[in-house]
Amino acid sequence: MGETKPDRSAVPDAEIVQLVVGGEIDAFDELVRRTRRPAYRLARRITRNHEDADDVVQDSYVKAFRALARFDSKRAFLPWFLTIVARSALSAIRHGARRATVPLDEPGPDGTTLADRISDTPPDVDAMRRLLDAEEALARLPDDQRAILALRVDGDLPYSEIASALEIPVGTVMSRLARAREALLAEVEKLRAARFRTR
Amino acid sequence: MRNERVHPPSEELFAYRDGELGPEKRAIVEAHVVGCSVCRALIDQVSALEAELRQSPDSVPEGYFDRLSESVRGRMAAPSSEAGAGRVAARVAPTETIREKKETVHQERGEEAAARLEREERRESGRVKEVPRLPWAAVIGTVSAAAAVLVVVVILIRQGPYQRMVLPERQESGGVKEEAKGQVQNEPAPSTVPAPSVPTPADEGAKQGATQNRLDEGTRDQLSKKADEVAMRAPAAAQAPAPEAAGVALKDKAEEQRLESDQKLAIRAKAEPQALAQTPMLSESGYQSILDRFGLPALWDSRVTPNALSNAEPELRSFYMSGAAGADSARVRLYLAEAARLRYGPGDSELYDEIRHHYQRVLELAGPDADVARVARERLRSLER
């Protein structure tokens, strides 16, 4: 014990998968490292709270590990894994698992609100406001619209992968994504109009 | 608004933006977009929004992801004696580890969560079709929800015949109800959460979740405080004769029970304003009940007679103060604004300020209800002229 782990950061996903399937379980760490942030962001967008997102992500890695022997390594690992995350997240909210969503103005698990975190990054108040509006609008959408947007925005998945994740035809992905985007635009417009009226 | 007969459907436009169209369709859409500023603007808006969402910072400290990796590693780790035994052992060890984890899950989270994990794992690994197991929690939840809906329907039905029983008393006290009903031309629309301007699927859970996200403590506190202010400003003259003018048979036992329920709602509103605001069924049945009783439309319009409005005002005010208005708060407040406006005369600066405040509050409460916001803006403009 106490061996230093080999640096696999430059090894392609397909080879990492083969290593894991071949018995080098430690190699799975590299897949986790590469995918944990987008996986968490996707799970968090869909479940809207940290605890459920954490559960979903950990469960998804377990499922992915168990299904790895059947994974076609010619495919990219991340999109395949994100479809597992999306299904797990949707399953979690449908089963009502800890639906306590965190309002955007309440502190998250790190003690900061979204506004606190945003204020550190953009150079101006308007940019911060636009970002808050976008997040608020997304949070207001129904679960299925928010999920499909999260798969496109956070997961950057092509329509075929989104169709696989949601188990719907590609044509339905097109129409549902369009409806979700229109709804998002409408919600943002309402938020901005309301703010203008209260000035 | 884009005219769909001239522009490509939005799903094709967005698919073009996402690079998901086939070559033929892509050429057609591209030829249109090049010459259409409206479609280009729509694409740009969506692109900008999504870019902003992608830039949103993570809400967890940096150490979380390292801990996440450790947790996953803990689930995946095989005992050291088995780790070197080769391919077969590597396949066995995770299974055993997962089995151990499932036992822990059974103990910690209950059988339902573990069963769910097992079902999903089998689905992911493409094994035999899962044997459906009855989700007892979902069954019980569905039955409870159906029972709750049934109770509400029964209450609504009961209120129907009750109202018909009360009507003769109102007619004796001045025929107000009949007059009001006769002069309001349109049918009272059912009070629902107003449809958004773009089609979205009706989803109760999502609406409640969205409402929860919209309401923050500041809004709840303001709602409560302003409701108190409205009550204090209400002229005694309007309040005193209200029961008789409205024809409400206060001595009727069912009415007393309803008022008692309103009082309980008011107490509960102070303790759990957010919970009440998330119960659209309560709001719908209370607001609609008032509308039906006084022959009012779901949204105030100029055809509402002063008489009907004056009669309904006290009950609308009580309803608003109880905190049960929920999603209908803006519409109720608009009615209160119009009721106050009935008493307004030139030179009455105090009442002017009160009415103006009402309209502004309606705009704050309107949220996604574009119709009530539009009417409030128009009425505010007409007041200020």
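Student: Let's start with A:Phe77: buried or exposed?

Tutor: A:Phe77 is buried, with a relative accessible area of 1%, where buried means under 20%, exposed over 50% and partly exposed in between (1.4 Å probe, protein chains only). Please keep in mind that this is a predicted model, in which local features need pLDDT of at least 70 and side-chain atom pairs count only at pLDDT 80 or more, while totals for chains, interfaces and linings use all residues. Residues are numbered from 1 along each chain as its sequence is written, chains are lettered from A and ligands numbered from 1 in the order written, and side-chain values use heavy atoms, without hydrogens and water.

Student: OK, and how many aromatic pairs are there over all chains?

Tutor: The count is ten aromatic pairs over all chains, taking rings of Phe, Tyr and Trp (its six-membered ring) with centres within 6.5 Å, called stacked if the planes are under 30 degrees apart, edge-to-face if over 60 and tilted otherwise. One of them joins A:Phe28 and A:Tyr61, an edge-to-face pair at 6.2 Å centre to centre with 90 degrees between the planes.

Student: Where in the chain do A:Phe28 and A:Tyr61 sit?

Tutor: A:Phe28 is in helix 2 (residues 28–47) of chain A and A:Tyr61 in helix 3 (residues 50–67), so this pair links distant parts of the chain, 33 residues apart; helices here are DSSP runs (H or I, at least four residues), numbered from the N terminus.

Student: Why does A:Tyr61 count as buried?

Tutor: A:Tyr61 counts as buried because its relative accessibility is 0%, and A:Phe28 is buried with a relative accessible area of 1%.

Student: Back to A:Phe77, why is its pair with A:Phe71 edge-to-face?

Tutor: The ring centres of A:Phe71 and A:Phe77 are 5.8 Å apart and the planes stand at 85 degrees, so the pair is edge-to-face. A:Phe71 is buried too, at 8% relative accessibility, and both belong to one aromatic cluster, which also includes A:Phe65, A:Trp80 and A:Phe81.

Student: Which residues touch the most other members of the largest nonpolar core?

Tutor: Among its 80 residues they are A:Phe28, A:Ile46, A:Leu68 and A:Trp80, a core being buried Ala, Val, Leu, Ile, Met, Phe, Trp, Tyr and Cys joined through side-chain atoms within 4.5 Å. Helix 4 (residues 77–94) of chain A gives the most to this core, with eleven residues.

Student: New topic: where is B:Val153?

Tutor: B:Val153 lies in helix 8 (residues 136–172) of chain B, and at 37% relative accessibility B:Val153 counts as partly exposed.

Notes:
Helices (H or I, at least four residues) and strands (E, at least two) are DSSP runs, numbered from the N terminus.
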